Amino acid sequence: MSDHTDLLIVGAGPAGMAAAVTARRHGLSVRVVDDQPAPGGQIWRGIETVAATPRARRLGESYLAGAECATAFRACGAAYEPASQLWQIEPGFRAFVTRGGKARTVTAQAIILATGAQERPVPFPGWTLPGVLTVGAAQILLKTADSVPEKPVWIAGCGPLPLLYMTQLLAAGGRIAGFLDTTPRGRLPTALRHLPQGLGRLGDLIKGLSWSLALRRAGVPIIRHVTELRAEGEGRLQRLRYRTESGQEAEAPAEVLLVHEGVVPSIHAPLALGCAVSWHAGQHCYIPVLDAWGESSQANIFVAGDGAGIGGAEAAEPRGRLAALRIAARLGRLDDATAEVAAAPERSALSSALALRPFLDALYAPRPQLYAPPDETLVCRCEEVTAGELRARAIEGRPGPNQLKAFTRAGMGPCQGRQCGYTMAHIIAAAQGRPVEEVGFYRIRPPLKPVTLGELASLDEQEPAA
């Protein structure tokens, strides 16, 4: 049997919660499914339990802002299903969801995909060794369990998140062995061209500078313009090697290495639904093609939050509210003119939130070496396919990602290409001498998440008795 709702929202982060509150305000029935155990998404993960603890103050004001949003979401009357996995949506719409080992279907008139972003994959020799994690994973442990590594950690990468995490880690009593900054030399002049439009976000710039100053005061060693990285060890991380633009090479003992090279939108669900995507040159990734309300090329399927393009929590909330307003108007709960009036402040808030993004995109664009790993590097962790194998295959008949997937099994594992898709596309582009945006991405098919036979068997597809 299926549950029916006016609006199905996938994800309970900033965008999903804001959309639910707005949709409920206009009388829509709303069901929110989320694979996390509590609302908040990645940026506000664990906010309901952490907000009243000393840990919250160490995590910062931006994190604490999530408490009020989570409270409003809980009170809005939306049906909320945490710890649930969406694994297929059929036209119509019929969504297949698993919760507690049982699968069922939910029908809806409209869908908002608020599935957020993922960290950009960082393939380098040794990245699969125990002891090598992403900064995002380490931050989850810090937020949810106040987990601080016992030994000093090395951090490699670029962007605001490593700076934020390092200040949070120091505030929690952690130690940092060093920061390998992979931002290429000469990026600042290019980025500064975009700064005038972002001057309204001066507070964000000051915040970023304060993080850098905190690291200097703490005496954290910073090695700049790192181009190549290698993790080594017998059975686990024991040492790391790196090389800078100037040719400096060094080796250091290491037990924990955290890496981060930005984030990219989660596009698997839109791709599986046939939604058009386009290459975002600034963010160096694919994003869904959306109208001003966040509606995709497929009618009544909307994308909100970082899944619509990286913008952070302040952009995610107005994106969620805009999508909900459009759906409410389409389902007859308010007229178009009223929706436009309500949308005006949301569009203004969204524009303000995104004003600094071109500056950040230019400053922290992925370095060229990121997608050109040495031949021995595992690119597809699930199926253990190396960069060398992909390169050799990429020149045989000029295959695309889906042909190479069939030849090598890269992208067929449990992550369904989330960790290897972009690297494969860049390897193909380099081998065939064409732009990466021309190469395309994997064809995504259901299930979006692994499903057991037991879960499939639990589906009740019987029609009710007459």
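**Backbone exceptions, helix packing and nonpolar cores**

Glutamate 384 lies in the loop between β20 (378-380) and β21 (385-386). Helices (H or I, at least four residues) and strands (E, at least two) are DSSP runs, numbered from the N terminus. The model is predicted: local features need pLDDT of at least 70, side-chain atom pairs count only at pLDDT 80 or more, and totals for chains, interfaces and linings use all residues. Residues are numbered from 1 along each chain as its sequence is written, and side-chain values use heavy atoms, with hydrogens and water left out.

Most residues other than glycine have a negative phi, and most peptide bonds are trans. Glutamate 384 has a positive phi of about 55°, although it is not a glycine. Its relative accessibility is 60%, so it counts as exposed. Buried means under 20% relative accessible area, exposed over 50%, and partly exposed in between (1.4 Å probe, protein chains only). Histidine 284 also has a positive phi, near 55°. This histidine sits in the loop between β17 (277-280) and β18 (285-288). Histidine 284 is partly exposed, at 23% relative accessible area.

Cis peptide bonds were also found. One joins glycine 92 and phenylalanine 93, with omega about 5°. Phenylalanine 93 belongs to the loop between β4 (84-90) and β5 (94-99). Arginine 94 is in strand β5. Arginine 94 is partly exposed, with a relative accessible area of 25%. Arginine 94 and leucine 8 are 86 residues apart in sequence, yet their C-alpha atoms are 9.9 Å apart. Another cis bond links proline 446 and proline 447, where omega is about 5°. Proline 447 is placed in the loop between α17 (436-439) and α18 (453-457).

Two packed helices are described by the angle between their axes and the distance between the axes. Axes are lines fitted to C-alpha atoms, for helices over the stretch in contact, and angles run from 0 to 180 degrees between N-to-C directions. Helices α11 (residues 313-330) and α12 (residues 336-353) have axes that come within 8 Å and cross at roughly 165°. Therefore α11 is roughly antiparallel to α12. Angles under 35 degrees count as roughly parallel, over 145 as roughly antiparallel, 65 to 115 as roughly perpendicular and the rest as oblique. The crossing of α11 and α12 is left-handed, that is, the near helix is turned anticlockwise from the far one by less than a right angle. Among the residues that meet are Leu322 and Leu325 of α11 and Ala342 and Leu350 of α12. Contact means heavy atoms within 4.5 Å. By class, this contact has eleven nonpolar, no polar and seven charged residues. Ala, Val, Leu, Ile, Met, Phe, Trp, Tyr, Cys and Pro count as nonpolar, Asp, Glu, Lys and Arg as charged, and the others, Gly among them, as polar.

Helix α1 (residues 14-25) packs on helix α5 (residues 66-75) at about 45°, with the axes 9 Å apart. Thus α1 is oblique to α5. This crossing is also left-handed. Met17, Ala20 and Val21 of α1 contact Cys69, Ala70, Ala72 and Phe73 of α5. The contact of α1 with α5 has seven nonpolar, no polar and no charged residues.

The largest nonpolar core has 67 residues. A nonpolar core is a set of buried Ala, Val, Leu, Ile, Met, Phe, Trp, Tyr and Cys residues joined through side-chain atoms within 4.5 Å. Leu113, Phe124, Leu180, Leu257 and Tyr422 have the most contacts inside this core. Helix α16 (residues 421-432) gives the largest share, six residues. Another core, of 62 residues, lies apart and includes Leu28, Ile47, Val50 and Tyr80.
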